Amino acid sequence: MGGAPSTAGADSGRLFAAGVTYICCGAWPLAYDCFTRSTREDAPTRYNLALCCFHVGWHEESYRLLAEAERLLNDKPGKGSGLGIPSMPRLQPPEAFRRWDAASELPRCPLLPETPRDDALTLILRLRAEVAFHLGRCEEVRTIAARLGHRYEHLENLLKTID
């Protein structure tokens, strides 16, 4: 790993897709290598790298990458942010899906370029709160939980252990 050359163009897209597949299998080192070699400088790539780092316990690097992902997401909403779909009004999912989402643990899913911006920000913030907890940044966990409307059980559980 690590010694393989970086890649641009179509191969970069294939490496990104391979990294997504590896995330879905929980193959964190292979996913990390693919995203690193893809040379993409966008929010989805930074988030996916951060997710890999989180799952192997490299919390400082995960935190740094999540800050980059959020910055890239906010720099140029829509075009250029690495996300093909800007924020747009949408229908709420059925209640069963909202309950499941609120009760679910930290998502292990990759961030895709097609992910709507609001959903991407939610994924970034949920992971950032978890990483901040592991780094002892309790006030940040509180801030993120509030920013997300205190609707995620796993974040509320973290807050209970802090308080």
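**Helix packing and exposure in a predicted chain**

Q: What describes the packing of α7 and α8, and which residues make the contact?
A: Helix α7 (residues 138-147) and helix α8 (residues 153-162) pack at an angle of about 145°, and their axes (lines fitted to C-alpha atoms over the stretch in contact, with angles from 0 to 180 degrees between N-to-C directions) lie 10 Å apart. In this contact (heavy atoms within 4.5 Å), C138, V141, R142 and A145 of α7 meet L155, E156, L158, L159 and I162 of α8. By class, these residues divide into seven nonpolar (Ala, Val, Leu, Ile, Met, Phe, Trp, Tyr, Cys or Pro), two charged (Asp, Glu, Lys or Arg) and no polar ones (the others, Gly among them).

Q: How do you know whether α2 and α3 are roughly parallel or roughly antiparallel?
A: Helix α2 (residues 28-38) packs against helix α3 (residues 43-55) at an angle of about 150°, with the two axes 9 Å apart. α2 is therefore roughly antiparallel to α3, since angles over 145 degrees count as such, while those under 35 are roughly parallel, 65 to 115 roughly perpendicular and the rest oblique. The crossing of α2 and α3 is left-handed.

Q: Which residues bring α2 and α3 together?
A: From α2 come W28, A31, Y32, F35, T36 and S38, and these meet T45, N48, L49, L51, C52, C53 and H55 in α3. The contact of α2 with α3 holds eight nonpolar, five polar and no charged residues.

Q: How many helices and strands does the protein chain have?
A: The protein chain has eight helices and zero strands, where helices (H or I, at least four residues) and strands (E, at least two) are DSSP runs numbered from the N terminus.

Q: Is R46 buried or exposed, and how do you know?
A: R46, found in helix α3, has a relative accessible area of 10% and is therefore buried, because buried means under 20%, exposed over 50% and partly exposed in between (1.4 Å probe, protein chains only). Not counting residues up to four places away in sequence, R46 touches R40, E41, L65, E68, A69 and L72. In the protein chain of 163 residues, buried residues make up 45%.

Q: Is C24 buried or exposed, and what makes it so?
A: C24, in helix α1 (residues 10-25), has a relative accessible area of 56%, and C24 is therefore exposed. C24 and C109 are 85 residues apart in sequence, yet their C-alpha atoms are 6.6 Å apart in space.

Terms used: Residues are numbered from 1 along each chain as its sequence is written. This is a predicted model: local features need pLDDT of at least 70, side-chain atom pairs count only at pLDDT 80 or more; totals for chains, interfaces and linings use all residues. Side-chain values use heavy atoms; hydrogens and water are left out. A crossing is left-handed if the near helix is turned anticlockwise from the far one by less than a right angle, and right-handed if clockwise.
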